[in-house]
Amino acid sequence: MTTKKAVSMNDSTATNDAPDWGALLARVAENDDKAAFRAIYQHFAPRIKAYAINQGFSQHAEVLVQEVMTSVWRNAGKYSESLASVSTWIFTITRNQRIDILRKLNRTRAEVVIETEELWQIPTEDTTICSIQNLSTEKFVKTAIDKLPEEQMIALRKVYYEGKTHEEVAEELNIPLGTVKGRLRLSLQKLRVMFEDKEI
Amino acid sequence: MSGYHPDDMTLMNYAAGSCTIPESLAVAMHLCFCHDCRQHVKNLNHLGGALLETIKPASTDDDAFESLMASLEPHAQSEIAQVKMEPTPSEKITQHFTNPLLRYLPTSLADLPWQRQTKEISKYDLTSLINVKGFQVALQKINAGAKVPKHTHKGFEYTVILSGGFSDELGVYHEGDFIARDASHKHSPTALQNEDCICLTVLNAPLKFTGWYRVLNPFMAWS
Ligand SMILES: [Zn+2]
């Protein structure tokens, strides 16, 4: 277990004594446990809302929070520690709901179109990968991103959390497009190397 | 295992949910074939999860939790349904990633009502299923050994091979391969000899045929 604390992070809530979110989700699925769900909500809803605001959902930010948390409640029983950590699982739900809301807002007619869930599939079955690997990957990712230079992290955050295109990131940071692409590419290369070193 | 993959940037945009629907279809289709890219997307999802933890939280409405609770159904009902839907062991094995088009195709690839483009090339259009302005999406079938007329791209083209294979000036491609081409390429794919080639093509601008074939431009497209 690592005791190193993130130095570059401006938020300090991601500590080692974080609750066992997986266990709380299980209580939600099995007993409709309101207290457990409240704990999950209190931690994740403000983050989902921040994500929504960053993505430009000013009026619909709370809608996204409600949609995601409804999905978390409904699908709590499908969560499996062997597939992802709870924050990764919630990230994928949030991403998909965001896309879904945008698609619905843009739709003019009630056409049959391919479902968001088909395009961004969230695994629900435990296949062959063992659970320890995924959970340690999670911790590993956290330490790995701490090793990235701040300028690369800023570019990654803007892509992941503000839904910015590379062009928009360049404009906002007032740097050439090539530099943005370079930073992203470098950060991905570093992460890939770190991931590959680690893979069993 | 396929040999041509989406680049890191494309996979990241997919995992971040910042690519377009047609692009995500091409990536998702490749993921059906490629264990390595599935693994990488999983890592990129972990990155998303880790970033979600480091985001600066925003304040939520005071009564939001209680009003949400009031709208939620207890689990008992859906739980029973879930047990019934327990997949059989064979489904579990193939459930890594399912073909995203499966539910939308009327029949198997071989039996699709292909629309003939030339004697040797036919397509099954998916543009309306994807329904994103500026994109043409289709399944394309090239008879074994047939050649697609030389064309250039105005925007970009993603191709994922679903069966068979083809070659062009830059390489030989097989089932599962993900090929990205942009405006700088002028190519003429030729299906491999022994088998019809079926692929998914995603195109973000109309194609331009070069040479004599330009007369076909308004009527025929690679996608
Ligand atoms: Zn791949």
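Residues are numbered from 1 along each chain as its sequence is written, while chains are lettered from A and ligands numbered from 1 in the order in which they are written. Because the model is predicted, local features need pLDDT of at least 70 and side-chain atom pairs count only at pLDDT 80 or more, whereas totals for chains, interfaces and linings use all residues; side-chain values use heavy atoms, with hydrogens and water left out.

Let's begin with chain A. Its secondary structure comes to nine helices and zero strands; here helices (H or I, at least four residues) and strands (E, at least two) are DSSP runs, numbered from the N terminus. Of the 200 residues in chain A, 50% count as buried, a word that means under 20% relative accessible area, with exposed being over 50% and partly exposed in between (1.4 Å probe, protein chains only). Contacts, meaning heavy atoms within 4.5 Å, also tell us about the fold: among those in chain A with a separation of 6 or more, 61% are between residues 24 or more positions apart.

Chain B has seven helices and 12 strands. Of its 223 residues, 53% count as buried. Among its contacts between residues at least 6 apart in sequence, 68% join residues at least 24 apart.

For four tetrahedral donors, the ideal angle at a metal is 109.5 degrees. B:His5, in the segment before α1 (8-16) of chain B, and B:Cys37, in helix α3 (residues 35-54), link distant parts of the chain, 32 residues apart. B:His5 is partly exposed, at 33% relative accessible area, whereas B:Cys37 is buried, at 4%.

Next, see how the chains meet. The contact takes 76 residues from chain A and 62 residues from chain B. About 6500 Å² is buried between them, with carbon and sulfur atoms giving 62%; this buried area is the accessible area (1.4 Å probe) that two parts lose on being put together, summed over both. The interface has five salt bridges, each a side-chain nitrogen of Lys or Arg within 4 Å of a carboxyl oxygen of Asp or Glu. A:Lys34 forms a salt bridge with B:Glu66, their closest N and O atoms being 3.1 Å apart. On the side of chain A that touches chain B, the largest share, 14 residues, comes from α2(A).

B:Ser24 lies in helix α2 (residues 21-33) of chain B and is buried, at 0% relative accessibility. Not counting residues up to four places away in sequence, B:Ser24 touches A:Leu119, A:Trp120, B:Tyr14 and B:Cys19. B:Ser163 sits in strand β5 (residues 156-163) of chain B and is buried, at 17% relative accessible area. Leaving aside neighbours within four places in sequence, the contacts of B:Ser163 include B:Glu175 and B:Ile198.
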